Number of protein chains: 2
Amino acid sequence: MAAKSSKTSPVHIQSRLKRLRLAMRARQLDAFLATSVADVSYLSDFSGEESYLLVTRRSAVLISDSRFTEQATRECPGLRVFERKGSITAAVAKQARRGRIGFEPAAISLDGHKQLRRALGAGRLVPAKGLIRRARRCKDARELAAIRRSIRVAQDSFLAVLRRLKPAMTELEVAARLELEMKIRGSSQPAFPTIVACGARTSMPHVRPGPGRIKPGKPILFDWGASIDGYKSDLTRVVFLDSICQSLQAAYQSVREAADAALARIKPGVAAREVDAAARTVIRQAGYAKYFGHGLGHGIGKEVHEEPVIGPKSRDILEEGMVFTVEPGIYLPGCGGIRIENDVLVTSKGWRVLSDLPDDPAWAMRKTRCSRDGRLKRRI
Amino acid sequence: MAAKSSKTSPVHIQSRLKRLRLAMRARQLDAFLATSVADVSYLSDFSGEESYLLVTRRSAVLISDSRFTEQATRECPGLRVFERKGSITAAVAKQARRGRIGFEPAAISLDGHKQLRRALGAGRLVPAKGLIRRARRCKDARELAAIRRSIRVAQDSFLAVLRRLKPAMTELEVAARLELEMKIRGSSQPAFPTIVACGARTSMPHVRPGPGRIKPGKPILFDWGASIDGYKSDLTRVVFLDSICQSLQAAYQSVREAADAALARIKPGVAAREVDAAARTVIRQAGYAKYFGHGLGHGIGKEVHEEPVIGPKSRDILEEGMVFTVEPGIYLPGCGGIRIENDVLVTSKGWRVLSDLPDDPAWAMRKTRCSRDGRLKRRI
């Protein structure tokens, strides 16, 4: 079954398809097959999964199944929707009878590629590495607006949770409340599983929230993001209740300075690895070289980890319109970790930090209110 | 950096590795490289991402990076943890200097495979399709216990939400509350983005919750699941407030009968497609053939969609210990959809439904309480 609405595609989709077709022409491709959820939605606005988009020089067809037909027809005006009955591979072969078809080799499994090659015939599938991913690196106005909304929702939700943070809450409960606040504000799902960790556990950068309770005097790390109209935000803050130990105080200061040093390097034409190096140098000079193991940042957009890579081995060069995280961290095993993460846009002349949560130590130090007899009121 | 705890691996990990090594021997493999999050955690209990597990005939090493070193050392006693500094490909080549290495071709991208093949040298990478996935189909006692807990959390959370359901709530808000209830009960994250939809939107099987409000007289569809100790549950129910239209009432009855017909066919040795056919026949005979487009079910476990496939084209044969969903549905465009989904275990002689939420129409019909003047009290 194939359905097509009489409407035409919205302007941003037309413009993305036009750019893709120019790239296809340059690589002598007759078609491009988008296979990842992010690539398909970038080119069509379709929000479902397990569907491919086949773009030829003149047409675009979404290859999906009955679970998504009605949804796709609503979401993608002007697009042809093909409802497959058999395998997705057979449906692609049916829709693409001739010509050279480009695809992203990082977005198909070895097995999926084997089946597709068998169905299409030898020599027709042409790897076109980075064709869409490179286009997706620089955000258009519509994408930027969605990312800004996603950051706003993440920030407002975080502040709402902070206002009601109580020492007796478990990490899991605080994470759940943060995700609830984001959902109430329109986030379809967390950008990734929310991290809330307290105490020495914060020295594990990707720790999962557990049943332990948050405690005064310990670092409480939040790493979270929203998803608005398919676009992700990604932020990290560490807060403290009542007091902070000297070693983490020093680390906090170094992380802030590292972030500032990185920002100062950002502008179009600069190598991403130089931005990473600027932050890393500050952390090394403060004596924490071996406690900052991960890269400085990563692009965000349809996916929470996308291009460019901001790390010591990155070959990416910054361009206007790129949006990525800047997230230096210092992790002291057995003691705790500090990470500050913001989302940054590369502008024509430099950079703009899109997130605007405070990151100064005075703000990070939260006071628990005590009642007159000195007992904790459990309200911050 | 390589770290190894002095402890030995827990018994269930030892037993899974032993079974893998027998399969390796049968395929003349010197090692197996697990690349997917689910396969790695199945063989190691590691809960992080972007890490590979290399199992040789005598050893097992988790290839990860500094973000996960401390976490992996805690989670995987007895396992060697290798903290890579360069690419994951280079780290694999360093750890696997010789011999034939099996891998799952559905769990690596075409691009990732190309890089790995280049680093390891020709002829050393051997596709071993299904080696782990087949083992993962039949759940051991520990896995079954986790799935049962995951179902319990999903059910209790759903009932808590039903008790407080109010007609003024939006789909997004109800979904958020369901996810909050699951998280408070220990679910690390939803098994998949929770579906809550009302009215005609329920005829789109994979619709996302939207800002619309739930209304009396309309079907309200919930499709949700928890994740406990990494194991997923997956359930669907449709409830109504106050009244139900005749056409959906008839569809509801047919869906129930289809589910019963499917269950009656389940036992070891039966082809999965026969189970699908049993349900499909009931729905066809009721006149709804073209309104049930998707397969009857899918395996659940570490992933919310795993083997076996319960569909018309499945080649899977049922075995004791398999756990999968049975989820017939009837979707009437413009009117609404009915789906009932339960999680079912294949036992030595037949089947057991692990979920125990009611599915009778009397239960599904929820009454909104009215105040004396007949106005809706907004409480159900």
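How many residues of chain B are in contact with chain A, and how many of chain A with chain B? The points below take up that question and then turn to the helices and sheets.

1. This is a predicted model. In it, 38 residues of chain B are in contact with 38 residues of chain A. On chain B, the elements that give two or more residues to the side touching chain A are helix H3 (69–75), helix H5 (110–120) and helix H8 (171–184). H8(B) supplies the largest share of that side, eight residues.

2. The side of chain B that touches chain A can also be sorted by residue class. It has 16 nonpolar, 13 polar and nine charged residues.

3. Two packed helices are described by the angle between their axes and the distance between the axes. For helix H4 (residues 88–95) of chain B and H5(B), the angle is about 35° and the axes are 9 Å apart. The crossing of H4(B) past H5(B) is right-handed.

4. Which residues make the contact between H4(B) and H5(B)? From H4(B) they are B:Thr89, B:Ala90, B:Val92 and B:Ala93, and from H5(B) they are B:Gln115, B:Leu116, B:Ala119 and B:Leu120. By class, six of the residues in this contact are nonpolar, two are polar and none is charged.

5. Chain B has an open sheet of four strands, in the order S8-S9-S12-S20, with mixed pairing. Its edge strands are S8 (195–198) and S20 (365–366) of chain B, each of which pairs on one side only. Inside the sheet, strand S9 (residues 219–224) and strand S12 (residues 235–241) of chain B pair in the antiparallel sense over six bridges. B:Ile220 has B:Val239 in S12(B) as its bridge partner. H8(B) packs on this sheet and touches S8 and S9 of chain B, its direction making about 150° with that of S8(B).

6. In chain A, four strands form an open sheet of mixed pairing in the order S8-S9-S12-S20. The edges are strand S8 (195–198) and strand S20 (365–366) of chain A, each pairing on one side only. Strand S12 (residues 235–241) of chain A pairs with S20(A) in the parallel sense over two bridges, and A:Leu241 has A:Arg366 in S20(A) as its bridge partner. Helix H8 (residues 171–184) of chain A lies across S8 and strand S9 (219–224) of chain A, at about 150° to S8(A).

7. S2(A) pairs with strand S3 (residues 52–56) of chain A in the antiparallel sense over four bridges, and with strand S6 (residues 101–103) of chain A in the parallel sense over three bridges. A:Phe32 takes part in both pairings: A:Val55 stands opposite this residue in S3(A), and A:Gly102 stands opposite this residue in S6(A).

Definitions and conventions: Residues numbered from 1 in each chain as written. Chains lettered and ligands numbered in written order. Predicted model: local features only at pLDDT ≥ 70, side-chain atom pairs only at ≥ 80, totals over all residues. Contact = placed C-beta atoms within 7 Å. Nonpolar A, V, L, I, M, F, W, Y, C, P; charged D, E, K, R; others polar. Axes fitted to C-alpha atoms, helices over the stretch in contact; angles between N-to-C directions. Left-handed = near helix turned anticlockwise from the far one by under 90°. Pairing = 2+ DSSP bridges.
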